[in-house]
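Dear colleague,

I am passing on the structure we spoke about, with the sequence alongside, and I would be glad if you could look through it when you have time. My notes on what was found in it come after.

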Amino acid sequence: MILQFIISLLLWPMAEENYFSQSFAKNQFSSTFASPAPDEGAEAGEAEIDVGEIIFEHIGDEYEWHITEWKGKPVAIPLPCIVIEDGVHVFTLHHAAENGYTLNENGKLVNAATGKRPIDLSITKNVLALIMSSLLLLVVVLLTARWYRRHDAMKEAPTGLAAAMEPLVMMVHEMARENIGEDYRKFSPYLCMVFLWILLNNFLGIMPFFPGGANLTGNIAITLVLALFTFFIVNLNGTKHYYKEIFDPDVPVFLKPVMPVIEVFSAFMKPISLTIRLFANMLAGHIMILSMVCIIFIMAKYGPLLSGSMTVVSVLFGVFLDALECLVSFIQAYVFTTLSCIYIGLARAKEE
Amino acid sequence: MSLVTPDFGLLFWMVVIFGLVFFLLAKFGFPVITDMVDKRSAKIAQSLKDADEIEARMASWKAEQAQMLEATRKEQSLMLREATETKARIVADAKAQAQAEADKILSDAKARIEAEKESALRDVRKEIALLSVQVAEKVLRHELSDESSQRAFIDQLVDETSQAQMRS
């Protein structure tokens, strides 16, 4: 308690000057953050913090890229909404109503008249992040490849970008070599791609400001597509032996009818587990960091002592969680790649 | 629920963009890098193997060299010993030969001296015989200078001869 008091005293002048100040004016341990506060002036609404909304706004998708607030006005990148319903409609979110569309309770575009979801191919925040990160990856890898084209790797060590990218690419390449049979070269580009793409987007996701901050790898659609790529690559390249193991494994006769069911089920469970693992890990990480940050704002109204000490605690935890997320970003990219690699290896198994 | 329901638009764009980037990188990106690095790894492995081989060869060379050096040293000492022996033998031989020569010269000299002595003795003896004959001649001549003595001598000789005939 004494320590907390000292910390809050130290933080007092700092806190007084920034946005906590008006909360201190209220000066009571009154309501929880969810309960409505008395309307006090223009900025009073800011004191009310809906943590759930903040978090969902950060981890979800939007039709515009909200970057920050500047002098009370939101700074956002307007993005084109593309909707296919009796033809293609392109508009920005501000003009949605004019085009006969509105947002539903999940923040998705729906037909204002019928309330139905159209085919929505909008360039949302996530799609823009996807385009940017994919372009970044494309440029980085092509530049790396250009180094190898222009230099004789036999005579000089890679420098700059090539030196940075080579260990990552070769790590995955070696992984492919160890897990897949002799035709690993066919699959190594896919695994490199998946690894670098997930890694890049995981890190961009932790970055709290533009062009990072989109929760791409914590989005189930993204991870589902990645897992489906792996699923199709695995099952379209399955050997005779692989399919025999699924449909006609060497088991006692009474297990014969059961095994194919289990094996087929497990074949479909693999991409699902890949999807959920990456999605849930990244999502959980984002939610934890955002929660830590939100604690600062929630505690603002509980007076200098509590809010000051909790700020210290949440900043420390936030730093810890950010560091942890960096680790998790790498681990999850690595795990997804390793599992894809192992699944491909299993599918390429040969008769012993 | 929107968190766990995949959004169609995002699915669509993800497939398109990821697929496109994957296609481009699988064609122009990763194989270039991995092929080059694989080639380099192969070269490094080969170089290491070569280096090992060279090292082994160097070691064998060194061993061979040491062996040769050892052999040379042995040969050298052998030669030295042989040379010493030869020297000793030559000296001994020379000594023996000199001794033999000396002996021979000595014995030759002795023999010649003996022979000289012999011949000298013979000469002396001959001389003495001659001298004695001459002396005897002179003595005889002197003794038989007068008639009576000649007679006496002749008689004596006749006596002796007759005595010898009678006896025979």
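Predicted model: local features only at pLDDT ≥ 70, side-chain atom pairs only at ≥ 80, totals over all residues.

Chain A holds 11 helices and 7 strands. Of its 352 residues, 33% count as buried. If one takes the contacts in chain A between residues at least 6 apart in sequence, 65% of them join residues at least 24 apart.

Is Lys71(A) buried or exposed? With 5 other C-beta atoms within 10 Å, Lys71(A) is exposed, because a residue with 12 or fewer such neighbours is counted in that class.

A second hairpin is made by E3(A) and E4(A), with 3 residues between the strands. Strand E3 (residues 81-84) and strand E4 (residues 88-91) of chain A are antiparallel and joined by 4 bridges, and Ile84(A) has Val88(A) as its bridge partner in E4(A). In the loop between E3 and E4 of chain A sits Asp86(A), which has a positive phi of about 50° although it is not a glycine. Asp86(A) counts as exposed, with 7 C-beta neighbours inside 10 Å.

E3(A) also pairs with strand E7 (residues 119-120) of chain A, in the antiparallel sense and over 2 bridges. In E7(A), Asp120(A) is the bridge partner of Val83(A), while Ile119(A) is the bridge partner of Ile84(A); the latter residue, Ile84(A), is also bridged to Val88(A) in E4(A). Taken together, 3 strands of chain A form an open sheet in the order E4-E3-E7, with antiparallel pairing. The edge strands of this sheet are E4 and E7 of chain A, each of which pairs on one side only.

Turning to the helices of chain A, how do H6(A) and H11(A) lie relative to each other, roughly parallel or roughly antiparallel? Helix H6 (residues 160-179) packs against helix H11 (residues 303-347) of chain A at an angle of about 30°, with their axes 9 Å apart. Angles under 35 degrees count as roughly parallel, and H6(A) and H11(A) are therefore roughly parallel to each other. H6(A) passes H11(A) in a right-handed crossing. On the side of H6(A), the residues that meet H11(A) are Val172(A), Met175(A), Ala176(A) and Asn179(A), and they face Thr337(A), Thr338(A), Cys341(A), Ile342(A) and Gly345(A). By class, this contact has 5 nonpolar, 4 polar and no charged residues.

H11(A) also packs with helix H7 (residues 184-206) of chain A, here at an angle of about 160° and again with the axes 9 Å apart. Since angles over 145 degrees count as roughly antiparallel, H7(A) and H11(A) are therefore roughly antiparallel to each other. The crossing of H7(A) and H11(A) is right-handed. Among the residues that make this contact are Phe187(A), Leu191(A), Phe195(A) and Phe203(A) of H7(A), together with Phe330(A), Phe336(A), Thr337(A) and Cys341(A) of H11(A). By class, the contact of H7(A) with H11(A) has 14 nonpolar, 5 polar and 2 charged residues. Thr337(A) and Cys341(A) are also included in the contact of H11(A) with H6(A).

As for the two chains together, their contact takes 31 residues from chain B and 38 residues from chain A. The side of chain B that touches chain A has 23 nonpolar, 4 polar and 4 charged residues.

Within chain B, Glu82(B) is placed in helix H1 (residues 8-143), and Glu82(B) is exposed, with 10 other C-beta atoms within 10 Å. Between Glu82(B) and Val133(B) there are 51 residues of separation in sequence and 74 Å in space, C-alpha to C-alpha.

Methods:
Residues numbered from 1 in each chain as written. Chains lettered and ligands numbered in written order. Pairing = 2+ DSSP bridges. Axes fitted to C-alpha atoms, helices over the stretch in contact; angles between N-to-C directions. Parallel < 35°, antiparallel > 145°, perpendicular 65-115°, else oblique. Left-handed = near helix turned anticlockwise from the far one by under 90°. Contact = placed C-beta atoms within 7 Å. Nonpolar A, V, L, I, M, F, W, Y, C, P; charged D, E, K, R; others polar. Buried ≥ 20, exposed ≤ 12 C-beta atoms within 10 Å, placed from the backbone.
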